Amino acid sequence: MVDLSDVRAWRHHLHAHPETAFEEFETSRFVAEKLRSFGLEVTEGIGGTGVVGVKRGTGGGRTVSFRADMDALDIQEANRFAHASRIRGKMHACGHDGHTAMLLGAARHLAQRDLSGTIQFVFQPAEENEGGGKRMIEDGLFKRFPADAVFGMHTRPGLDIGSFALRSGPSMASFDVFEITIEGKGTHAARPHLGADPIVAAGQIISAVQSIVSRSVDPLDAAVVSITEMKGGASWNVIPDSAVLRGTTRALDQGVRDLIEARLRSVVSSICGGLGCVANIIYDRRYPVLVNTPEWTAACGEVVQRLVGTDRVKKEIPATMGAEDFAFMLQEVPGCYLWIGNGTMERDRILHNPNFDFNDDALPFGIDYWVALAEAVAK
Ligand SMILES: [Zn+2]
Ligand SMILES: [Zn+2]
């Protein structure tokens with residue numbers, strides 16, 4: 001039986017001491033120390049602050065990797081409870097404190113068990129924006145710790161405690177960012193014909209890129225193009241030299257992702273050319289589409305159904321246009337990423353909100369899932 005009071009205490013400790021992308025020094029030290037105390041082999045410093053703990057099997061079984069993320073967000077916590085963040089401007093508002101505590105709880109339990117297969121407990125940095133999972137892979141994660149399958153889990157507000165949700169195939173979107181710098185020619189606002197107005201070009205670009213999703217992408221494919229930032233000009237009567245637009249694109253299919261980038265470049269360049277401006281486009285591909293392997297998704301579905309019953313497992317839930325850097329791991333190794341219920345979504349209790357807190361009632365379900373999955377697949 002898992003001692004939950006310890007796991008809750010670890011979760012609260014992690015919540016009170018949040019660290020962000022690649023600066024999870026204390027968090028990874030905490031994780032490594034716990035894994036060592038359970039008797040596991042521990043390797044630190046993979047992809048920066050990543051940690052891997054290994055529970056060797058007795059032989060003949062599969063080798064699988066279970067992954068948790070450790071990073072927090074640049075958010076000032078609004079909660080006032082005892083385990084609220086003690087670090088100004090940083091907060092665990094995405095539940096990664098819960099993910100880390102649950103995987104530690106499972107590691108402690110599984111360390112005492114005899115399994116034929118080997119379990120690798122992977123704790124990654126910088127899931128939120130900076131691709132810590134990718135960094136671990138570049139640092140040889142799957143060469144140093146080869147795996148037959150890899151599994152991830154994320155808390156989900158709006159899904160009841162004790163419930164799970166999953167989906168086969170493309171489940172979370174690709175995530176790219178872009179920055180468009182429109183170079184025009186500044187002039188007096190009363191004599192626009194003497195310059196090339198980047199503000200007018202920016203306005204037309206904002207409207208025109210909406211046609212990428214509505215006119216270029218197949219209506220049955222999901223896609224998002226959002227311009228989220230605009231800068232340009234500093235006065236009433238001066239047409240500036242340049243203007244900048246920034247934004248993000250999402251897709252659930254690699255071909256659609258390629259199409260969006262090509263259309264964005266073409267639309268922006270054409271508009272700028274027609275208006276006497278020049279466009280400099282930086283298009284940065286961040287996270288790929290997260291694709292769950294059908295066989296492993298079916299296996300995980302069976303595990304959670306045995307654990308909590310068919311009624312509490314949502315299979316084939318709709319994909320989300322949010323992104324996850326676990327997608328990089330699933331590009332290398334087959335596996336499945338699923339969601340665990342964090343309780344009914346109250347106002348403000350959504351991810352990345354200053355009032356968010358991981359629901360401790362979910363801890364035993366998450367630990368039980370990892371343990372049951374180990375028993376099912378590491379043999
Ligand atoms: Zn998250
Ligand atoms: Zn997040």
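This briefing describes a zinc site and the cysteines of the structure above. The model is predicted, so local features need pLDDT of at least 70 and side-chain atom pairs count only at pLDDT 80 or more, while totals for chains, interfaces and linings use all residues. Residues are numbered from 1 along each chain as its sequence is written, chains are lettered from A and ligands numbered from 1 in the order in which they are written, and side-chain values use heavy atoms, without hydrogens and water.

**The zinc site**

- Donors are N, O and S atoms within 2.8 Å of the metal (3.2 Å for Na, K and Ca); water is not among the atoms, so sites may look incomplete.
- Cys94 coordinates both the zinc ion (ligand 2) and the zinc ion (ligand 1), which are 3.2 Å apart.

- Cys94 is buried, at 6% relative accessibility, whereas His352 is partly exposed, at 39%.
- Buried means under 20% relative accessible area, exposed over 50%, and partly exposed in between (1.4 Å probe, protein chains only).

**Cysteines and disulfides**

- The whole structure contains 0 disulfides, a disulfide being a pair of cysteine sulfur atoms within 2.5 Å.
- For Cys336, the nearest cysteine sulfur is that of Cys300, 4.0 Å away.
- Cys336 is buried, with a relative accessible area of 0%.
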